[in-house]
Amino acid sequence: MSSEPPLLAVQGLNAFYGDFQALFGLSMDLRAGEAVAVIGANGAGKSTLLKSIAGLLRAAPDAIVFNGTRIGGLPVHAVAARGIAFVPEGRGLFASLSVEENLLIGGQLKRTGPWNLQSVYKLFPVLAERRHMPSTALSGGQQQMVAIARGLMSNPKLLLCDEISLGLAPIVVRDIYARLPAIVNEGISLVLVEQDVVQALKATQRVYCLQEGRVALTGAAKDLTREVIAAAYFGM
Amino acid sequence: MMDWVNVLLQGVLVGGLYAMFAAGLSLIFGVMRLVNIAHGDLIVLAAYVALVVTETLGVGPLTSLVIVVPLMAAIGYALQRLVLNRTLGDDLLPPLLVTFGLSVIIQNGLLELFTADSRKLQAGDIEVATIRLFEGVYVGVLPLLQFTVALLIIAALQFVFYRTALGRAFRATADSQAVAQLMGLDNRHVFALAMALSLAVVAIAGVFLAVRANFDPAIGPARLLFGFEAVIIGGLGSLWGTFAGGVVLGVAQAAGAHLDPGWQILAGHLAFLVILAVRPEGLFPRIRT
């Protein structure tokens, strides 16, 4: 472990939906260039964690520190401007925009870096062929590629992916996961929220397993056995 | 026969003005689902602003646009940032009520400042200049200019919406406010820019309205109605449809007025009702998926 400060530090994060508390003093951290998986059962708070980081849910200023600055409670667009891209669950493509326009909107922050139309088309060649189609005319897997590519277009330091395997055929999921190393190799840190534990463990170095809004287990992905994860997953 | 050609031609040209009324309304509804009840009164406000500018600086109404357009755009930006953004949400009612209140405030404010007297902007010789198309058919230079400007406004809006980064931001924010913010777009700013653009169009519409006929503080709601009708006739979400809607309305009114001067407004409303009954989605609806 290096002694340099983490890129992202979540400390004692509480999150609420109205009166319902979804996260209880949750802490996690992530170093630059690291890929971390967040797994857990439905309702464990995985998506809530990502939404809090992205600014979609209220958080105390100190609870989320990114790149040395406190970003808890900042407006969503201000968080994005600091270099956090969020690939939302269900993809959230702009239906009235073409594939390429979706990508251009992703790049409208004009942060500099390796990602532009050319390089995301190289990563996902099928999108180049369909660049002028409405985003809704694509298959589910291709739509997910658009969502990831759109996130990359802002040249983020950190990419948050919420359930990118959701509703996709296993072969499509493998195809998309096969591109993730190319993204991390460009220096982007990654937080993957996944139901598909096997895929998540393969693509990341460290794992946080959430249970009822708290971290039940954390460790290096290669060290964790099925039994340990199952126990943390289901609280047995 | 020739007088009917004249009538239809005048109707088409007036339709350009109605398209101008409607374009800003349509733009705002499209981007933020806000029905601006004060739209007509903002048109009248622009006419009074132009009146003050022309009287103070001694310039013509068309020249006054150089000041009126940016001024109204600035008012639009501020109005959206300071007031209307706070009313937006899942509920359509608050913006409706607030813009209705704004309508009342503008009307009474203008009444207080300018009295209920009818006013008109004087554009000089251009008002009576005509072009002879062929024997018995004449068009006024001013209505022709007004129609051309309307055409250019619609074309410019179409360009902004579908060919520029600003238009992309408008469409993305209309699709999903939450995801647009994830892309780094500040929706409060995007909405304010949309309102600024809407009121820039309103400014031009207001000046042409004020040159064409008398105006007083109370005529706003009727202009709002014409704008609404043009939008609905043309089909929601289509700028060229809105233009066509304005022309249909203008022609119907001109035809009605030709049959009996009292039927002008009625004929416009009847055309609107007929289209609503036969084609409730409008002439050129944009299918949204």
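This is a predicted model: local features need pLDDT of at least 70, side-chain atom pairs count only at pLDDT 80 or more; totals for chains, interfaces and linings use all residues.
**Confidence.** I looked at the scores before anything else. The model has an ipTM of 0.93 and a pTM of 0.92. For chain B I noted a mean pLDDT of 94, with 99% of its residues at 70 or more.

**Chain A overall.** I listed the secondary structure of chain A and got 10 helices and 10 strands. Its radius of gyration is 17 Å, close to the 18 Å that the globule rule gives for 236 residues, so chain A is as compact as a globular protein of that length. The C-alpha trace of chain A spans about 50 × 40 × 35 Å along its principal axes. I then checked burial: 48% of the 236 residues in chain A are buried. Taking the contacts in chain A with a separation of 6 or more, I found that 66% of them join residues 24 or more positions apart.

**Contact between the chains.** How many residues of chain A are in contact with chain B? I found 21, and they meet 17 residues of chain B. Two elements of chain A, α2 (76–81) and α3 (99–106), each give two or more residues to the side that touches chain B. I sorted that side of chain A by class and got 13 nonpolar residues, seven polar and one charged.

**Helix α3 of chain A.** I went back to α3(A) for its burial. Is this helix mostly covered or mostly open? It is mostly covered, with six of its eight residues buried. The buried ones are A:Val99, A:Glu101, A:Asn102, A:Leu103, A:Ile105 and A:Gly106. I asked what covers them, and the cover draws on both chains: it includes α4 (117–123), α5 (125–129) and α6 (140–152) of chain A, together with α6 (165–175) of chain B.

**Nonpolar core.** I next looked up the largest nonpolar core, which holds 168 residues. Nonpolar side chains tend to be buried together in soluble globular proteins. Which members touch the most others? I noted A:Leu160 from chain A, and B:Met20, B:Ala46, B:Ala47, B:Ala203 and B:Val207 from chain B. Helix α8 (residues 187–212) of chain B supplies the largest share of this core, 19 residues.

**B:Ala47.** I followed one of these core residues further. Leaving aside neighbours within four places in sequence, I found B:Ala47 in contact with B:Gly206, B:Val207, B:Leu209, B:Ala210 and B:Phe215.

How values were computed
Residues are numbered from 1 along each chain as its sequence is written. Chains are lettered from A and ligands numbered from 1 in the order in which they are written. Two residues are in contact if their C-beta atoms, placed from the backbone, lie within 7 Å. Helices (H or I, at least four residues) and strands (E, at least two) are DSSP runs, numbered from the N terminus. Ala, Val, Leu, Ile, Met, Phe, Trp, Tyr, Cys and Pro count as nonpolar, Asp, Glu, Lys and Arg as charged, and the others, Gly among them, as polar. pLDDT is the predictor's confidence in each residue, from 0 to 100. A residue is buried if 20 or more other C-beta atoms lie within 10 Å of its own, exposed if 12 or fewer, and partly exposed in between; C-beta atoms are placed from the backbone. The radius of gyration is taken over C-alpha atoms; the globule rule is 2.2 Å times the number of residues to the power 0.38. A nonpolar core is a set of buried Ala, Val, Leu, Ile, Met, Phe, Trp, Tyr and Cys residues joined through C-beta atoms within 7 Å.
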